[in-house]
Amino acid sequence: MKLTGNTILITGGTSGIGKGFAQHFLGLGNTVIICGRRKDRLEQLKARNPGLATFQCDLTDAASRENLVRHVIQECPDLNILINNAGIQLTADLAKPVDLAAVEQEIATNLIAPLHLSSLLVEQLRARPEPCIVNISSGLAYTPLAFMPVYCATKAAVHSWSLSLRKQLEKTGIAVYEIAPPSVDTELGHERREDKSQTHGGMPVNEFISEALKALENNVLQAAIGPAASMMDQRDALFERLNSHL
Ligand SMILES: NC(=O)c1ccc[n+]([C@@H]2O[C@H](COP(=O)([O-])OP(=O)(O)OC[C@H]3O[C@@H](n4cnc5c(N)ncnc54)[C@H](OP(=O)(O)O)[C@@H]3O)[C@@H](O)[C@H]2O)c1
């Protein structure tokens, strides 16, 4: 994938990995549009990053996704790359009746939204030069952490869907990439933390982004970054080790 001269829509650009990608891609000479729910963050980022376009939307809502697509095609007709990045991470105790609204929100954000959005944008992307869809999965797609079972299942599904999407879109010329991050130091999971500003540690965002960009530039269609690589390669032994305390 070429890293310059693209027009890129990044979902979930108000923090963490999406914000990191947005800033790096802007710096590399791309046109970038980000979306997210937090209007204050979008306004702040637009003011601090000249050239950045923003759109507020809640990706769990189908009408909002359709609205986003209409807006982007109208405002950025050269759009040739979609990065499906937005995600949330919740815990669930499967030994009790689950909070169904939370389960539905997690599945809608992490799986339904990227799947729907990608399908809505195929016609737009295939008409542009060097079109790509980049899906952000997780090392946890390959080796789940049992206390966040729905999250891990959505990421395993993103991996599976990425394989099918790549196959189905072969004839359209749209390249489908999957990037599986390891633990990266972002706000992910802050919904379930008492101190919302506390992060969960992991690889610094900039380090992760430069590894991910290297993989994209080298056309690695399925790239597990840093420790996520062993989660992909040694999944069964790691599952036992990661979950031995349960
Ligand atoms: N950090 C890690 O350790 C890690 C590891 C593996 C995979 N990942 C994946 O990397 C991706 C980015 O996560 P991150 O770590 O950067 O987390 P983050 O800092 O919490 O960022 C998540 C982004 O998603 C957006 N988002 C969430 N729900 C949304 C919705 N309903 N509509 C629109 N936007 C929504 C958030 O924006 P608003 O809140 O403003 O809506 C935010 O910009 C996720 O798919 C995550 O699963 C992260």
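**Cavity, pocket and ligand site**

H4 gives the largest share of the lining of the largest cavity, 5 residues. The model is predicted: local features need pLDDT of at least 70, side-chain atom pairs count only at pLDDT 80 or more, and totals for chains, interfaces and linings use all residues. Residues are numbered from 1 along each chain as its sequence is written, and side-chain values use heavy atoms, with hydrogens and water left out. The ligand sits in the largest pocket (more than half of its atoms lie within 2 Å of the grid points of that pocket).

**Cavity**

- The structure holds 1 cavity of 30 Å³ or more; a cavity is a set of points, on a 1 Å grid over the protein atoms alone, where a 1.4 Å probe fits but cannot get out.
- The volume of the largest cavity is about 80 Å³, a volume being the space filled by probe spheres set on the points, which are joined across faces, edges and corners.
- Its lining has 15 residues, and Asn84, Asn85, Ala86, Asn110 and Pro114 are the closest to the centre; lining residues have an atom within 4 Å of a point.
- At least two lining residues each come from helix H4 (100–126), strand E5 (132–136) and H5; helices (H or I, at least four residues) and strands (E, at least two) are DSSP runs, numbered from the N terminus.
- By class, this lining has 8 nonpolar, 6 polar and 1 charged residues, where Ala, Val, Leu, Ile, Met, Phe, Trp, Tyr, Cys and Pro count as nonpolar, Asp, Glu, Lys and Arg as charged, and the others, Gly among them, as polar.

**Pocket**

- The largest pocket holds about 860 Å³ of space; a pocket is an open set with protein on both sides within 12 Å along at least five of seven lines.
- Of the 45 residues that line the largest pocket, Gly87, Ile88, Thr186, Leu188 and Gly189 lie nearest its centre.
- H1, strand E2 (31–36), H4 and H5 each supply at least two residues of the pocket lining, with the largest share, 3 residues, from H1.
- The pocket lining divides into 17 nonpolar, 21 polar and 7 charged residues.

**Ligand**

- Around the ligand are 31 residues, of which Thr14, Arg37, Asn85, Tyr151 and Thr186 come nearest (a residue counts if one of its heavy atoms lies within 4 Å).
- By class, this shell has 11 nonpolar, 15 polar and 5 charged residues.
- Oxygen atoms of the ligand lie 2.6 Å from a side-chain N or O atom of Arg37 and 2.8 Å from one of Ser15; a polar contact is a pair of N or O atoms within 3.5 Å.
- For Leu188, a backbone N or O atom is 3.3 Å from an oxygen atom of the ligand.
- The protein covers 97% of the 880 Å² of accessible area that the ligand has on its own, by the Shrake-Rupley method with a 1.4 Å probe.
- Helix H1 (16–27) and helix H5 (149–168) are the elements that give two or more residues to the ligand shell.

Note on methods. A polar contact is a pair of N or O atoms within 3.5 Å; within protein, one must be able to donate a hydrogen and the other to accept it, and residues adjacent in sequence count only if both atoms are side-chain atoms.
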